[in-house]
Amino acid sequence: MTGRILVSAELHKGEFSPVVAELLSEATKLKPAIGSEIQAVVLAGTEGLPRLSLLSEHGADTILICRDSSFNECKAEGYVQVMADAIGRYKPRLVLAGETPVGGQLARRLSARLGTSFVPDFIRIQVIGNSLAATRLIYNGKVGATVTALREPLVATLKPGVVRVRKPRTPGAGKVEELVVTPLPCQKRVEVLKHLAADPESMELNQADIVIGAGKGVGSADCFALLQEFARILKAGVGGTRRALDMGWVSPEDLIGQTGKIISPRLYIAVGVSGASHHIAGIRDAGLKIAINTDRNAPIFTVSDLGIVGDVRQVLPALVSAIKAVTRDDRSEVSKVRPLQYPDTDITHNTGFGHANSGLH
Amino acid sequence: MRIAVCIKLVPNPRLTIELDPIARRVKGLRELPTVVNPADLAALEFAVRVKERAGGEVIILTVGSFVPANALGCADIVLKARGLRDKADRLNSPDPLRRCLATGADRVVAICLNNLRRNQEVNSGHGSSGLAGILSDGFRPLNIDSMMVATVLAQGIRQLGADLVFCGDRSYDQGNGLVAPVIAELLDMPLALDCLSATAESGDRSLLVRRRLQRGECELVRCMLPCVLTATAGSAVPRYFALPALIDAFETGIEALDLTDLGLSMKEIIGRRTTRLLWLNPPRPRTKKVFIPDSSLPPEVRASLAMSGGMTQIDKRARLVEGDPEQAAADVIQFLQDKGILPPE
């Protein structure tokens with residue numbers, strides 16, 4: 001019994017979300033068993049669309065597009081209605097979406113509206129007998145469960161970053177079709193008032209695009225305050241090595257290395273870091289790496305793209321003033337080192353003994 | 001304002017889960033101590049905060065099969081069902097639902113899926129399975145899936161006439177995350193996922209909600225009431241409650257409702273089932289490529305390679321800049337501009 005596979009090609013800031021490529025890879029793997037055709041559904045408001053052939057390169061046979069200005073405001077409700085109509089028309093056996101804020105909500109509301117089976121974060125989908133079965137993890141990853149779908153289509157979501165993207169040898173046909181649906185007028189029951197950009201200071205290091213790592217070479221609290229100023233201008237997260245943790249500049253959550261966080265930002269700037277192998281293990285997946293160190297034989301230079309041999313205390317002020325000139329930043333005062341705030345207590349911590357949270361909760 | 005909070009009792013997340021592969025279920029599920037799902041605790045905290053600012057009552061709804069206390073030999077909860085009352089010594093029991101009452105909820109409504117006779121005491125501490133996993137109707141295990149539970153909860157909320165519904169985003173055990181979206185669909189309410197804060201606006205017809213999006217971004221939305229909000233575990237710290245509050249909580253009964261009280265029939269609910277569990281297996285970790293250093297290298301080199309995952313082998317000499325700090329700074333800026341991280345002049 002063959003049927004179609006519908007993939008929700010969600011957009012995020014004008015580009016296809018990375019999970020879409022993963023979904024299409026999975027759909028291509030399942031195509032021999034389940035489907036005759038892979039359809040990618042693109043729902044967009046009035047913003048610009050990325051190159052649609054990206055979808056066919058990853059295996060989409062048909063690309064269904066629906067654009068309507070009401071999607072600018074009413075994403076969730078509008079999307080559900082359009083997808084439900086598309087499913088009614090094309091009758092796929094499997095509907096795939098990414099486990100993202102938009103995709104997850106879409107998939108669940110869709111399965112509620114159609115009264116059909118839903119599986120989150122699937123690991124594997126197979127055909128058992130006449131029906132589809134999906135394997136997923138329950139009990140927070142401790143147990144694997146395989147469930148069979150009693151209703152079709154099976155709506156399944158995929159966690160981003162789990163599947164390795166594989167482009168098929170022969171790309172899909174990529175026939176573009178307009179999905180003619182009249183969306184309901186936007187009821188405006190959920191009105192977006194403001195979009196708050198990520199705050200690098202409070203964001204987790206794993207999520208930051210740019211990270212600055214502080215090491216022993218930073219030397220003093222004043223220099224660290226300057227480093228924080230540098231981070232503020234670059235909108236970067238601040239982490240550190242074990243030395244920085246011992247000096248009380250960073251909290252244990254911001255430790256970068258094998259015993260701390262393993263990060264993969266777009267840019268990593270190592271300030272006064274020697275580059276011991278456990279720290280390098282924490283940053284090996286970073287994109288670009290810049291290092292500042294007095295020792296020209298420091299191991300950090302073997303793994304960085306640009307190295308500055310010099311004293312942090314001289315290079316950092318020059319860097320800060322240069323970058324202020326480029327970004328035309330007007331704030332001139334550098335405050336004292338911002339005290340660490342542990343989540344549940346108001347104790348600010350500045351001892352040399354690392355983690356001073358007394359455990360009172 | 002009537003605020004409903006959907007709560008699920010799950011096995012304590014800190015416990016190890018053992019699988020009985022032949023019988024295709026978790027070993028000793030019925031005997032595991034249950035706690036309130038961590039995400040639901042955050043949802044309850046948000047609900048209580050809204051109640052404090054805007055007034056109203058917080059009603060906890062939970063679905064499960066509740067075992068009569070007498071059967072287990074430990075006298076636990078008070079069941080106030082249709083006017084019948086019976087007290088027992090409860091202060092020593094780790095009753096999770098009572099703790100919710102102590103932290104600020106006003107009523108607890110337990111929707112029992114097994115056929116519980118009205119005048120029996122109900123236990124919600126040790127050994128009860130308020131689990132939408134393997135439930136029992138006394139004789140054989142029922143496999144209840146999330147869609148069925150969500151339908152029952154939606155009907156309960158409709159009957160309560162709630163203005164605002166808080167749920168946890170996912171439960172620890174099954175973790176489908178279906179409850180909130182299904183309630184939103186069935187009751188035609190707007191949905192706001194992953195809230196960080198919720199404040200009622202004056203006029204009581206809308207709510208200002210700060211929601212978490214991907215990668216640290218947030219958005220501020222205004223939701224018209226009635227609406228459904230979800231919270232993730234850890235987004236709010238459940239408040240501390242004093243012992244008198246806990247004692248008062250034990251005076252309050254837990255209302256037990258049957259499916260017939262909600263106007264549903266078991267057959268109707270079973271008809272809503274969409275998935276069936278085939279088998280459970282221990283999770284198979286994905287194979288990950290691990291770097292193996294060349295065994296002909298000297299041991300200290302191998303150790304360094306193994307620790308750094310192969311990075312130090314890459315004999316990449318960085319482009320080194322020495323000398324004047326101002327010149328070095330200008331070089332860095334140029335580098336960042338070339339790579340597109342800083343906007344070009």
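How many helices and strands are there in chain A? Chain A has eight helices and 18 strands, and the close-ups below come from a predicted model.

**View 1. Chain A as a whole.** Start with the overall picture before zooming in. Of the 361 residues in chain A, 56% are buried. If you take the contacts in chain A with a separation of 6 or more, 64% of them join residues 24 or more positions apart.

**View 2. The largest nonpolar core.** This core has 46 residues, and A:Val42, A:Leu55, A:Leu94, A:Leu96 and A:Ile125 have the most contacts inside it. Helix α1 (residues 18-30) of chain A gives the core its largest share, five residues.

**View 3. Strand β18 of chain A, covered on both faces.** Side chains in a regular strand alternate between the two faces of the sheet. In β18 (residues 306-309) of chain A, A:Leu306 and A:Ile308 sit on one side, A:Gly307 and A:Val309 on the other, and all of them are buried. Strand β17 (residues 288-293) of chain A pairs with β18(A) in the parallel sense over four bridges, and here A:Ala291 stands opposite A:Gly307. Strand β20 (residues 319-322) of chain B also pairs with β18(A), in the parallel sense and over four bridges. In β20(B), A:Gly307 has B:Leu320 as its bridge partner.

**View 4. Helix α6 of chain B and its two sides.** Which residues of helix α6 (residues 243-251) of chain B are buried? They include B:Leu246, B:Ala249 and B:Phe250. Looking down the axis of α6(B), the buried residues fall within an arc of 100 degrees, so they line one face of the helix. They pack against α3 (96-102) of chain B. Over on the other side of α6(B), B:Pro244 and B:Asp248 are exposed.

View 5. Side chains of opposite charge can pair when their charged atoms come close. A:Arg189 and B:Asp188 do this at 3.3 Å, N to O. The pair crosses between chains: A:Arg189 is in the loop between β12 (175-178) and β13 (190-196) of chain A, and B:Asp188 is in the loop between α5 (179-186) and β13 (191-192) of chain B. A:Arg189 is buried, with a relative accessible area of 16%.

View 6. A:Arg108 makes a salt bridge with A:Glu99, with the closest N and O atoms 3.0 Å apart. Both A:Arg108 and A:Glu99 are buried. A network of salt bridges links A:Glu99, A:Arg108, A:Asp121 and B:Arg170. Over all chains, the count comes to 30 salt bridges.

**View 7. Two strands of chain B, joined by a salt bridge.** The closest N and O atoms of B:Arg107 and B:Glu57 are 4.0 Å apart in this salt bridge. B:Arg107 belongs to strand β8 (residues 107-112) of chain B and B:Glu57 to strand β6 (residues 57-64) of chain B, so the pair ties together parts that are 50 residues apart in sequence. B:Arg107 is partly exposed, with a relative accessible area of 24%.

Definitions and conventions:
Residues are numbered from 1 along each chain as its sequence is written. Chains are lettered from A and ligands numbered from 1 in the order in which they are written. This is a predicted model: local features need pLDDT of at least 70, side-chain atom pairs count only at pLDDT 80 or more; totals for chains, interfaces and linings use all residues. Side-chain values use heavy atoms; hydrogens and water are left out. A salt bridge is a side-chain nitrogen of Lys or Arg within 4 Å of a carboxyl oxygen of Asp or Glu. Buried means under 20% relative accessible area, exposed over 50%, partly exposed in between (1.4 Å probe, protein chains only). Contact means heavy atoms within 4.5 Å. Two strands pair if DSSP finds at least two bridges between them. A nonpolar core is a set of buried Ala, Val, Leu, Ile, Met, Phe, Trp, Tyr and Cys residues joined through side-chain atoms within 4.5 Å. The arc is that of the directions from the helix axis to the C-beta atoms.
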